[in-house]
Amino acid sequence: MFPSQLLLSSKHHKGQILQPIFNELKVKLIENDGFDTDRFGTFCGETPRLEGPKITVREKCLAGMTYAKKRQGLASEGSFGPHPNSPFLSINEEWLIYIDLDENLEVYGRSISMELCHEQLSYKDEQLNSFLSRIQFGAQALVLKDAHTHAVIRKGIRTEAELSSLISQHPTWLLETDLRAHLNPKRQLNILAAGKDLIQRMGSCCPQCSKPDFSVVSYSGQLPCSSCQRPTHTHQFLEYNCSFCHFKLTKKRKDLRTEDPQYCHYCNP
Ligand SMILES: [Zn+2]
Ligand SMILES: [Zn+2]
């Protein structure tokens, strides 16, 4: 499914994060040396990201493939933002894309996590030490900005010595967790989850045209309650769809045959 040497267009050592799950497929990830991904937007705001991450990751992948003169390629892109249903919660969304121009193939992997390290602290707050231990400073790096202008003074701060020297030079400091993948361990876990999603989709082929990414697009049906046998609001079927030939298939879920009465509106109103 993948070539044995696969181009990865990303910065910040995402190859190191993703290589272990590609080892099982005997695929060696080759980082796109010299290709500048920062022009697709950065987290610190120097280059605004104009498109959503799904569009950006595709453009980045195609540009990287052109740069390296490859017909196949992989790219990764992440974003941070408010949860769509509860704006007070933050989420980290990671996308991966695999493009194969010879096979006319574009497959996305995606993972959304609420386990993230996206925090800030300013000179007006007094809990610097508890902030540093909470974010696991060291493995997790920091960005120092000016609290009034929000200008970036230093990125990638990882040692107490560097941090205290910067704070003494800049009394109106604002600290933010560095969101770049190699300096944000929680993001690394989510990039890995997006990689697993992509590999799973690549291994799931359409029974009609045998192209990959034959995936669940929606759910249907109602599982019966195990006590009263009435229908519950839990889905019973998985709806698969092929994005190439549009073949559809409905499969009964295998993990559950009936629903627990505690989720039944008759048994537990
Ligand atoms: Zn198909
Ligand atoms: Zn019931």
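1. The largest nonpolar core holds 20 residues, and Cys 61, Leu 74, Leu 96, Ile 97, Tyr 98 and Leu 198 have the most contacts inside it. A nonpolar core here is a set of buried Ala, Val, Leu, Ile, Met, Phe, Trp, Tyr and Cys residues joined through C-beta atoms within 7 Å. Buried means that 20 or more other C-beta atoms lie within 10 Å of a residue's own; exposed means 12 or fewer, partly exposed is in between, and C-beta atoms are placed from the backbone. Two or more residues each come from β1, α1, α2, β3, β4 and α5 (185–202). The largest share, 5 residues, is that of β4.

2. A word on the source: this is a predicted model, in which local features need pLDDT of at least 70 and side-chain atom pairs count only at pLDDT 80 or more, while totals for chains, interfaces and linings use all residues. Residues are numbered from 1 along each chain as its sequence is written, and chains are lettered from A and ligands numbered from 1 in the order in which they are written.

3. For the overall picture, the protein chain has 5 helices and 12 strands. These are DSSP runs numbered from the N terminus: helices are H or I with at least four residues, strands are E with at least two. The C-alpha trace spans about 70 × 55 × 30 Å along its principal axes, and buried residues make up 26% of the 269 residues.

4. Five strands form an open sheet in the order β2-β1-β3-β4-β5, with mixed pairing; two strands pair if DSSP finds at least two bridges between them. Its edge strands, β2 (28–31) and β5 (105–113), each pair on one side only. On average, neighbouring strands are turned by 25° against each other, direction ignored. Within the sheet, β3 and β4 run antiparallel, joined by 11 bridges, and Gly 78 has Glu 94 in β4 as its bridge partner.

5. Two helices meet this sheet. Helix α2 packs on it, touching β1, β3, β4 and β5, and its direction makes about 150° with that of β3. Helix α1 (residues 14–23) lies across β1, β2 and β3, running at about 165° to β2. Such angles run from 0 to 180 degrees between N-to-C directions, with axes fitted to C-alpha atoms, for helices over the stretch in contact.

6. Which residues of α2 are buried? They are Pro 53, Thr 56, Val 57, Lys 60, Cys 61, Gly 64 and Met 65. Seen down the helix axis, these fall within an arc of 160°, so they line one face of α2; the arc is that of the directions from the axis to the C-beta atoms. They pack against β1 (5–9), β3 (72–82) and β4 (90–100).

7. Ile 97 shows the packing at residue level. Leaving aside neighbours within four places in sequence, Ile 97 is in contact with Val 57, Arg 58, Cys 61, Ala 75, Glu 106 and Tyr 108. Contact means C-beta atoms, placed from the backbone, within 7 Å. Another core, lying apart, has 14 residues, among them Cys 117, Phe 137, Leu 142 and Ile 157.
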